[in-house]
Number of protein chains: 2
Amino acid sequence: MLAAISDPTRRAILDRLTHGPARVTDVAEPFEMSLAAVSKHVRMLERAGLARRARRGREHTLTLDARPLRQVVRWTSRYERFWNERLDRLEAFLAQKEQGK
Amino acid sequence: MLAAISDPTRRAILDRLTHGPARVTDVAEPFEMSLAAVSKHVRMLERAGLARRARRGREHTLTLDARPLRQVVRWTSRYERFWNERLDRLEAFLAQKEQGK
């Protein structure tokens, strides 16, 4: 899933889908690549569970499913205290300097 | 950077570094792979800015730098409302059902 969002084209597709469901052809439009290339990116998003495709005849509509991103949030939040600790130490240092004036 | 954390070995190395700085050889120990293979993973983490290597003679010590992960948090937080909206709709639906009893 992290591999799916590590590509800027795929992140742009997800971003497009935050505005609502869209046809694959519409999603492909802003990119300077073939529909086949965009479809490949879309399939990676589907496999990661981030996009769902509904078929009505020849029309394929994509919908965002952001839920798998919760895992990413859960994983990164374990590291949050490490950059916070760094900031805490910096703040303590600055406060001490301030007192020593 | 997302590519750097998309690999389970690299995530395990980062996890190891949350316990404090560690030598590359110690970091490599739990993995069933060559030191060269682990070093390659470490270099990817260094390039992503997630680990720093300090050399003292032949001893290479790694330190975690979690700060680049803030970008991941920032990016994913834009999607948070999409899974929350889904939950909100579900809650509203359940509340309505409860009232209709």
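Mentor: What follows takes the labels one by one, and the model is a predicted one.

Trainee: What makes helix 2 of chain A roughly perpendicular to helix 4 of chain A?

Mentor: The axes of helix 2 (residues 8-17) and helix 4 (residues 35-47) of chain A cross at roughly 75°. Angles of 65 to 115 degrees count as roughly perpendicular. So helix 2 of chain A is roughly perpendicular to helix 4 of chain A. The two axes come within 10 Å.

Trainee: Which residues of helix 2 and helix 4 of chain A meet?

Mentor: From helix 2 of chain A come A:Thr9, A:Arg10, A:Ile13 and A:Leu14. Helix 4 of chain A brings A:Val38, A:His41, A:Val42, A:Met44 and A:Leu45. By class, the contact has 6 nonpolar, 2 polar and 1 charged.

Trainee: Why is the pair A:Arg78 and B:Asp15 called a salt bridge?

Mentor: The N to O distance between these side chains is 2.5 Å. The cut-off is 4 Å, from a side-chain nitrogen of Lys or Arg to a carboxyl oxygen of Asp or Glu. So the label holds for A:Arg78 and B:Asp15. The count between chain A and chain B is 2 salt bridges. Over all chains, the structure holds 12.

Trainee: And A:Glu59 with A:Arg23; what do they tie together?

Mentor: Their side chains also meet in a salt bridge, at 4.0 Å, N to O. A:Glu59 lies in strand 3 (residues 59-64) of chain A and A:Arg23 in strand 1 (residues 22-23), so the bridge ties together parts that are 36 residues apart in sequence.

Trainee: How many residues does each chain bring to the contact between A and B, and what area is buried?

Mentor: Chain A gives 23 residues and chain B gives 23. The buried area is about 2400 Å². Carbon and sulfur atoms give 75% of that area. A:Trp75, A:Tyr79 and A:Trp83 supply 25% of what chain A buries against chain B, more than any other three residues.

Trainee: How many residue pairs are in polar contact there, and which helix gives chain A's largest share?

Mentor: Between chain A and chain B, 4 residue pairs are in polar contact, both residues at pLDDT 80 or more. Helix 1 (2-5), helix 2 and helix 5 (69-100) of chain A each supply at least two residues of the side that touches chain B. Helix 5 of chain A gives the largest share, 11 residues. By class, that side of chain A has 13 nonpolar, 3 polar and 7 charged residues.

Terms used
Residues are numbered from 1 along each chain as its sequence is written. Chains are lettered from A and ligands numbered from 1 in the order in which they are written. This is a predicted model: local features need pLDDT of at least 70, side-chain atom pairs count only at pLDDT 80 or more; totals for chains, interfaces and linings use all residues. Side-chain values use heavy atoms; hydrogens and water are left out. Axes are lines fitted to C-alpha atoms, for helices over the stretch in contact, and angles run from 0 to 180 degrees between N-to-C directions. Helices (H or I, at least four residues) and strands (E, at least two) are DSSP runs, numbered from the N terminus. Angles under 35 degrees count as roughly parallel, over 145 as roughly antiparallel, 65 to 115 as roughly perpendicular and the rest as oblique. Contact means heavy atoms within 4.5 Å. Ala, Val, Leu, Ile, Met, Phe, Trp, Tyr, Cys and Pro count as nonpolar, Asp, Glu, Lys and Arg as charged, and the others, Gly among them, as polar. Buried area is the accessible area (1.4 Å probe) that two parts lose on being put together, summed over both. A polar contact is a pair of N or O atoms within 3.5 Å; within protein, one must be able to donate a hydrogen and the other to accept it, and residues adjacent in sequence count only if both atoms are side-chain atoms.
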